[in-house]
Amino acid sequence: MTAEKKMPNETKEWTSLREHYEELRGRRLKDLFAEDPERARRFSLEACGLYLDYSRNLIVAQTMELLFALARAAGVREEARRMFSGEKINSTENRAVLHVALRAPLGERIEVDGKDVVPEVHRVLEKMEGFARRVREGEWRGYTGRRIRNVVNIGIGGSDLGPNMACEALRAYGQKDLRVRFVSNVDGTHFVEQTRDLNPEETLFIIASKTFTTLETMTNAHSAREWCLARLHDPAAVSRHFVAVSTNRSGVAEFGIDPANMFEFWDWVGGRYSMCSAIGLPIMLYIGPKRFREMLAGFHAMDRHFAEAPLESNLPVIMALLGIWYVDFFGAQTHAVLPYDQYLYRLPAYLQQADMESNGKSVDREGRRVSYHTGPVLWGEPGTNGQHSFFQLLHQGTHLVPADFIGFCRSLNPLGDHHDKLMANFFAQTEALAFGRSAEELRGEGVDEKLIPFRTFEGNRPTNTILAERLTPEVLGAIVALYEHKIFVQGVIWNINSFDQWGVELGKILAKKILSEITDESVPLGHDSSTNALLSRYRARRRKD
């Protein structure tokens, strides 16, 4: 009989880290830097156009040695090999996890159930490219012959967050006479406001739903169809103004979309890892096939780095281990991602889904309730906006919030000294968070003794600094893949399935039941007293002016 697998916090590697934490937790970053003039060099590395300085973390060389031992004991290398080789590591859904295949070059072989999937990936990419060129060059026109000038993507979750983030991040590379918008929320306000100033004759809708049954997406899709036909009148117009990203051919055809204009993807593509698939069609329409391929190259470069680099010089592995160090030993409950580039303002929202839907789990791969903390709450805003809202808590609050600062040496929009001022704040904030300002320093500056408690900064707040030359499609791909693989490594070490999301199901099931009770008021309410009272109040007031 096979012995039951130990939980991560029952291993000798975890015990060693716990003992080391007790020895290290009183140390100050200021002292660690003073003791080691080479610390910044020792705890930094570069790959795929990204320079990572992780020297301002609460670590010493022994910490990293113990964390790498934890990664080896968890089988990070073996699990990565299983993922890249197409094994069905998503055990609860019996699926492979192969977003890496979406950016693999033609000729590389990646198999699922004995079939090489790379040729099929490239067939869909080529179909996307052909369609994108026709739209961008004005060959594909609307029903009345007018050029397409607006693209509206209708999806939700992974079918919205990734493409939305990437289109904003790469706006500098977008076709200037093509507007790309996104509708995700089933709240009618989202659809109305996103289409208010658009002409249906010049608008193309992308309906992104694998099953073509997602409630929010299909509600918005049918509203888009009605909006379009209110102007164009002829149902035949749908085929010129709608395309689909789906696997449900019959559902697509029934909606009125020509199945020839359906772009496929596969069940081994998780929604939150799908922006390199046909889900990325709005990105390709906006930035063009060449730039899209550059983005894929950035993803692939980070994939290869993750698969091949030793653990000790592996960016995703190091960032993953540092995250575990804070979550499970320092008790940090949140993690901030702070891009110092306005184009990346949607990156924290995108990473929220990628991280929290992946590792927000309380049951391990054996179905046991975990006895340690898993994924943190991830959040963030661009600098310098965040400095004038929540940085007060980062500097002087009672919560330890590890943070990633992402910056660029060159701006895509040089304007006077704006970028130098932005980056001066970028460097200043990580220095202030790390080293703070002591009461002694304040006294030396002549600060009134009464104000010293209020103006003291403890420091010792950990940060990673990610610095790239400038924000290009390739660099964006590398950044996103870096976080994807970081999430994977943490899931392996926590022994959880990072690729299912059963936590979203219960609310969906209850919502369907409640919707029937709202639309048919003769149906008796059978919920708890709070839900019944709220539904009764809503029923009585929903149609009042």
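Predicted model: local features only at pLDDT ≥ 70, side-chain atom pairs only at ≥ 80, totals over all residues.
Let me start with Trp140, which counts as buried at 2% relative accessibility, where buried means under 20% relative accessible area, exposed over 50% and partly exposed in between, with a 1.4 Å probe and protein chains only. Phe131 is buried as well, with a relative accessible area of 4%, and the two rings form an aromatic pair that is edge-to-face, 5.0 Å centre to centre with 75 degrees between the planes. For such pairs, the rings of Phe, Tyr and Trp (its six-membered ring) must have centres within 6.5 Å, and planes under 30 degrees apart count as stacked, over 60 as edge-to-face and the rest as tilted.

Residues are numbered from 1 along each chain as its sequence is written, and side-chain values use heavy atoms, with hydrogens and water left out.

Staying with the aromatic rings, the count comes to 29 aromatic pairs. One of these joins Phe212 and Phe255, again edge-to-face, at 6.0 Å centre to centre and 90 degrees between the planes. This pair links distant parts of the chain, 43 residues apart, with Phe212 in the loop between strand S7 (203-208) and helix H9 (215-232) and Phe255 in helix H11 (residues 249-255); helices (H or I, at least four residues) and strands (E, at least two) are DSSP runs, numbered from the N terminus. Phe212 counts as buried at 6% relative accessibility, and Phe255 is buried with a relative accessible area of 5%. Elsewhere, Trp14, Tyr21, Trp325, Tyr326, Phe329, Phe330 and Tyr372 form one aromatic cluster. Another charge over a ring is that of Arg39, whose charged end lies 5.3 Å from the centre of the Phe33 ring.

Now to the spaces inside the model. How many cavities of 30 Å³ or more does a search of the whole structure find? There are 6, where a cavity, on a 1 Å grid over the protein atoms alone, is a set of points where a 1.4 Å probe fits but cannot get out, a pocket is an open set with protein on both sides within 12 Å along at least five of seven lines, and lining residues have an atom within 4 Å of a point. Grid points are joined across faces, edges and corners, and a volume is the space filled by probe spheres set on the points.

The largest cavity holds about 80 Å³, and helix H20 (residues 473-494) gives the largest share of its lining, 3 residues. That lining has 5 nonpolar, 3 polar and 2 charged residues, counting Ala, Val, Leu, Ile, Met, Phe, Trp, Tyr, Cys and Pro as nonpolar, Asp, Glu, Lys and Arg as charged, and the others, Gly among them, as polar. The second largest cavity has a volume of about 60 Å³, and its lining includes Tyr326, which also belongs to the aromatic cluster.

The largest pocket contains about 1300 Å³ of space. It is lined by 45 residues, of which Thr214, Gln501, Val504, Glu505 and Lys508 lie nearest its centre, and helix H21 (505-519) supplies the largest share, 9 residues. By class, the lining of the largest pocket divides into 19 nonpolar, 16 polar and 10 charged residues.

Finally, a few details of the backbone and the loops. Gly383 and Thr384 are joined by a cis peptide bond, with omega about 10 degrees, and Thr384 is in the loop between strand S11 (377-379) and helix H16 (391-396). Cys48, although not a glycine, has a positive phi of about 55 degrees, and its place is the loop between strand S1 (44-47) and strand S2 (50-53), where Cys48 is partly exposed at 27%. Asn94 also has a positive phi, near 55 degrees, and is exposed, with a relative accessible area of 52%. Is Asp113 buried or exposed? Asp113 counts as exposed, at 63% relative accessibility, and a polar contact of 3.1 Å joins its side chain to that of Lys88, such a contact being a pair of N or O atoms within 3.5 Å in which, within protein, one must be able to donate a hydrogen and the other to accept it, and residues adjacent in sequence count only if both atoms are side-chain atoms.

Definitions and conventions: Lys NZ or Arg CZ within 6 Å of the ring centre and 35° of its normal.
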